[in-house]
Amino acid sequence: MASRPGFLTDWPWTPLGSFKYLVLAPLVIDSIYSYATLRDHDKLLVVALMVWRIVHSQAWISFSRYRTAKGTTRIVNKSIEFEQVDRERTWDDQIIFNTIIVYLVKAYVIRNNPVPFWRLDGVVLTVLLHAGPVEFIYYWFHRALHHHYLYSRYHSHHHSSIVTEPITSVVHPFAEHIGYTLILGIPLITCLLCGTVSVASLFLYLTYIDFMNNLGHCNFELIPKPFFSLFPPLKFICYTPSFHSLHHTQFRTNYSLFMPMYDYIYGTNDKCSDSLYETSLEKEEEKPDAIHLTHLTSLDSIYQLRLGFASLSSHPLSSRCYLLLMRPFTQILSSILISFSSRTFVFERNRFGDLTIHSHLLPKFSSHYISQQCKESINKMIETAIIEANKKGVKGEDLNGYGEMYVRKHPKLKIRIVDGSSLAAEVVVHSIPVGTREVLFRGQVTKVARAIVISLCQNGIKVMVLREEEHCTLAGYLGGHCKENLVLTTNYSPMIWLVGDGLSKEEQKMATKGTRFLPFSQFPPTQLRKDCFYHTTPAMIIPDSAQNIDSCENWLGRRVMSAWRVGGIVHALEGWEEHECGLDGPVVNPPRVWEAALRNGFKPLVLPSVETKGLSNGY
């Protein structure tokens, strides 16, 4: 939002929120009907143009976020936060607006008159009019927008983003977009009046506008030096991402649309344009200090990747109704990702003080981990990722799973592999309210579960276990008087339940009203009981100093990370030299990891209860 919002700041469909595309429903229905009844085929092209522009822009978003995460030729090395993501979620409003205008022109001006697919004279006229009147008028219009009156009411909204992304290019107030539409529409309106308009000129011109807009705001240098060295005058008719980036950092230079010639003519070109261009091209891929290796969970978790839809990944994963409608698209997207990705790849970059952390995705879902057919390929991908990180000199690999087999296979690894189990166990222990005398345990016995039960029994808290096989397994890890605190029971009355994978719906129904479910696994239980409290999976709030946090980790809230991931980060921050991995081995000094996490600014989450008094230290 601008610092002092002016008239026509909001878009007409802003109150519709995520359902804003409903304004196009009559248009789409009429286009399909006209095509089906053979009345007018061209109307459907308007819908096709809209879809193409959305896909084109989304491809730029994904490509830009991938490149800036790697660090190759990155221009501005600053972070993007949730505030910017929320502000720029309206990037597609201008596509809706343009689609309505093109449709109205087709329906009420061109009517049923056929529009030729190609006319050379129309394409040439479009090029000449853009290079002439459009670029000239836009330059002075843009300079006018930087006058304090218009800037504070309109254009400051766009310039709130110092670090730009492709979609930043079209995030403007509604009134400002009306002006841009009138200016950029000059070639198309002229062609229409001259009778030289064609489908090709419309598609090519709008694609050119979108391409150049996205290029100028992508925040990584893309155009190679030979492009200008072979024909130097190109620098006056084609800008670069670094050229326009200076406009967002310096504000009073480089006003041109796509052709910098008017900045050179009127002396508003930034003197650092050439040097920034060259230094940006020379930037190599960034070497991280630690790597977080993770995988997809549920089918919809693909939308939590920041490489995809920013408006979805910036909110916790939930059962949104429109995700069900998108399920066919989700299936196709997931199949493509799994089929064509044979190795891990970077999708996120974060900063914790002086520590740079890259998140790498192993393109498999949780269901693949229990499949014998996928086990070999998954292990190979993980091993390749560890070896590559070791060659790059990465300090730590935060493995979202157990990595003991890789340590045994490669005993000379310099990189340290961390599964984060110690901190995950300690987070659950510290989530139990002070004064608790007994807890109920139910779920698969994992490394984290064992550590929790051992800690509780050592501190005199009775752990009630419902199933005999779980009781026998846990008892094998306890000795002396601690075994007395592990009790096999059929009593469902404890108010604190420690739950993991395997908790059934019937067992949840047996819980007493007001029971608190504390998950110790990486997946939350299905929330069946409205009269009970469900804590999130083990997680911590990250420090305020953490940078470039603009997406949510699965179902966790904003600026909250899973304890397993935090455990790896803390391990790297502290510079510990030992591995922390293995399915059968004990966890590594949980209290030490907990204290280190708090010391580095991580905070525990508050239990979801009306009353929060009497909770353990840190709440």
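**Spans and domain contacts**

Modeller: Residues 94–110 are 100% helix and 0% strand, with end C-alpha atoms 22 Å apart; helices are DSSP runs of H or I, at least four residues, and strands are runs of E, at least two, numbered from the N terminus. This is a predicted model, in which local features need pLDDT of at least 70 and side-chain atom pairs count only at pLDDT 80 or more, while totals for chains, interfaces and linings use all residues. Residues are numbered from 1 along each chain as its sequence is written, and side-chain values use heavy atoms, with hydrogens and water left out.

Colleague: How is the chain divided into domains?

Modeller: Domain 1 covers 14–282, domain 2 covers 290–421 + 558–604, and domain 3 covers 432–541; the bounds come from an automatic or database domain assignment.

Colleague: What area do domain 1 and domain 2 bury between them?

Modeller: About 1500 Å², 58% of it on carbon and sulfur atoms; this is the accessible area (1.4 Å probe) that two parts lose on being put together, summed over both. On the domain 1 side, R65, A69 and F82 lose the most area to domain 2, together 38% of what that side buries.

Colleague: And how many salt bridges are there between domain 1 and domain 2?

Modeller: Two, where a side-chain nitrogen of Lys or Arg lies within 4 Å of a carboxyl oxygen of Asp or Glu. E81 and R559 also meet through their side chains in a salt bridge, at 3.5 Å, N to O.

Colleague: Which element gives the largest share of the domain 1 side that touches domain 2?

Modeller: That is α2, with eight residues.
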